[in-house]
Amino acid sequence: MKETPLSNCERRFVLRALQERKRLDGRQCYDYRNVRISFGPEHGCCVVELGKTRVLGQVSCELVPPKPNRATEGILFCNLELSPMAAPGFEPGRQTELLVKSNRLIERCLRNSKCIDTESLCVVAGEKVWQIRLDLHLLNHDGNIIDAASIAGIVALCHFRRPDVSVQGKEVTVYSPEERDPVPLSIHHMPICVSFAFFQQGTYLLVDPNEREERVMDGLLVIAMNKHREICTIQSSGGIMLLKDQVLRCSKITAVKVAEITELIQKALENDQKVRKEGGKFGFAESIPNKKITAFKMDSAAVDTNNVEEQAEEIITKADPPSEIFAKPILHTPGTAQIGEGIENAWGDLEESEKEEAAEEEGESSAAAFECQKIEDTSMMSEAKDEPIVLSDSEEEEVVILEPQEVPKKTRPQTTLKQESTSKKTFNKKRRKKRTSR
Amino acid sequence: AVMEAAGCSLRPFSCEQGLLSRPDGSAAFVQGDTSVLAGLYGPAEVKGSRESPDGATVEVLLRPKIGLPGVAERSREQFLRRTFEAVLLGALHPRPSITVPPQLLACCLNAACMGLLDAGLPLSSLFCGVTCALDAQGDIVLDPTA
């Protein structure tokens with residue numbers, strides 16, 4: 001299936017909002033979305049939700065012969081899969097650039113940072129070692145796959161228990177979970193990726209971009225760090241030029257975020273362990289509320305809505321009312337009306353074209369306005385007609401005039417919110433707009 | 001064969017719809033310790049090569065939690081696909097995609113049905129799945145655990 005393209009107005013909207021330092025979900029530029037970690041019934045299975053992005057991580061192990069050049073080390077194998085349910089554009093079997101890039105990054109973050117002690121995975125040197133396989137499935141794509149996947153990966157690895165093994169001479173006994181408790185992996189540190197999205201040629205950055213922001217960003221910087229402030233991996237993509245102090249600033253922010261997330265992970269792991277020990281219900285079954293077939297959960301948005309009414313009123317009273325108001329909506333066919341005439345052909349008349357366009361823009365912005373204002377350059381104004389002009393396709397000379405409407409006072413100094421006449425809006429139109437070129 | 005009362009009971013199951021924001025329909029179905037997550041896209045345009053003249057084309061993608069999909073997954077995908085094609089009305093092209101922790105086919109069917117409902121695709125009927133096992137004595141056991 002094809003990915004739905006991002007429309008131009010959506011792109012402009014997001015970029016404009018970012019210029020005004022506003023994010024669509026109300027976050028500040030250094031805020032992360034809510035991270036929720038839940039575990040499955042078996043060890044090594046976890047689901048991480050970063051906002052709406054959801055990643056499932058599953059760890060499994062098996063005994064294999066080791067690599068010839070590393071005979072005493074176990075093997076860690078990471079695989080990130082962009083499940084076709086995550087986004088309409090993800091197809092199975094097609095190696096997209098995103099997939100390759102994300103896989104490589106996760107691999108570098110987890111494997112090259114040596115967060116797992118691979119020496120401890122060795123059972124019989126040169127013959128049998130544990131191969132730990134980490135499968136990450138992206139279930140829902142709402143931006144920032146890499147961070148969510150790195151959190152899911154490290155949590156799954158911390159949660160996993162491998163079977164206990166004992167070696168007597170050449171004999172290797174693998175104990176089943178019933179015989180001996182499984183053993184956790186030995187993990188040195190927890191590297192976590194933090195992504196920064198850059199906008200406006202690298203001058204403005206955001207932490208944890210969501211899907212819309214990712215689509216319009218200029219470039220991406222990913223820093224993987226652990227809580228001891230050691231950088232495990234750093235990657236910049238998108239071809240933007242970053243200054244040295246920007247990168248340093250990002251790394252400081254990363255340190256703070258990683259500390260928070262690591263704490264969250266520790267708490268989640270402890271909780272799960274406690275629940276399991278006490279024999280309570282655990283696993284995905286617990287995450288679904290009881291006695292309900294369908295459940296709708298919505299995270300409350302971080303937008304502060306306390307004083308919305310007062311703020312809105314303030315904004316409306318302070319805002320400048322439009323200086324151009326159209327009195328005559330032009331009716332092309334019954335039931336439709338048009339305010340302004342669209343951008344007209346400016347070839348014939350170059351002088352007036354600028355004023356026309358300015359008038360057009362204001363006309364569009366006043367479409368929703370419900371204030372009237374004294375028009376500033378009244379010099380151009382002569383008597384204003386209030387009747388709508390009906391343009392029909394029949395090219396008749398006669399123009400049908402509907403009921404003339406009353407003109408509200410033009411010299412209202414203050415703007416008011418409420419208006420007596422609600423539906424009919426009367427706009428005064430400048431004389432020169434009445435072109436007979438139609 | 002006599003069906004024992006204990007064997008007739010199913011494990012407690014539950015379902016949640018609308019978990020995922022991107023797919024048109026999604027559902028998670030949990031039966032005991034088995035859970036299946038299904039996400040659906042549709043109706044959508046069909047690629048030329050896959051177009052079928054007699055109506056609905058359904059593409060099912062089954063992913064096990066551990067490892068890469070293999071032959072068992074393919075056979076289950078075919079099974080699910082035939083079920084959907086029998087039930088879906090009209091010329092549509094939904095794309096169910098199912099992630100399966102342990103591979104229990106009945107659970108997949110139930111999750112897929114709830115997913116189809118959540119996506120709002122027209123169905124001629126609802127369907128569900130129950131696993132039956134025959135043990136050594138020839139007794140039927142419903143909804144066995146792994």
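Reply: A:Glu211 forms a salt bridge with B:Arg22, with 3.5 Å between the closest N and O atoms; the term covers a side-chain nitrogen of Lys or Arg within 4 Å of a carboxyl oxygen of Asp or Glu. The count of salt bridges between chain B and chain A is one. This is a predicted model, in which local features need pLDDT of at least 70 and side-chain atom pairs count only at pLDDT 80 or more, while totals for chains, interfaces and linings use all residues. Residues are numbered from 1 along each chain as its sequence is written, chains are lettered from A in the order in which they are written, and side-chain values use heavy atoms, without hydrogens and water.

Strands β1 (13–17), β3 (34–41), β4 (61–64) and β5 (95–100) of chain B each supply at least two residues of its side that touches chain A; strands are DSSP runs of E of at least two residues, and helices are runs of H or I of at least four, both numbered from the N terminus. β3(B) gives the most to that side, with five residues.

In contact terms (heavy atoms within 4.5 Å), 33 residues of chain B meet 39 residues of chain A. The two chains bury about 3,000 Å² between them, 57% of it on carbon and sulfur atoms; buried area is the accessible area (1.4 Å probe) that two parts lose on being put together, summed over both. On the chain B side, B:Glu16, B:Arg22 and B:Lys65 lose the most area to chain A, together 23% of what that side buries.

Over all chains the salt bridges number 17. Within chain A, A:Arg212 and A:Glu10 form a salt bridge at 3.2 Å, N to O. A:Arg212 lies in helix α4 (residues 211–216) and A:Glu10 in helix α1 (residues 8–19) of chain A, so the pair ties together parts that are 202 residues apart in sequence.
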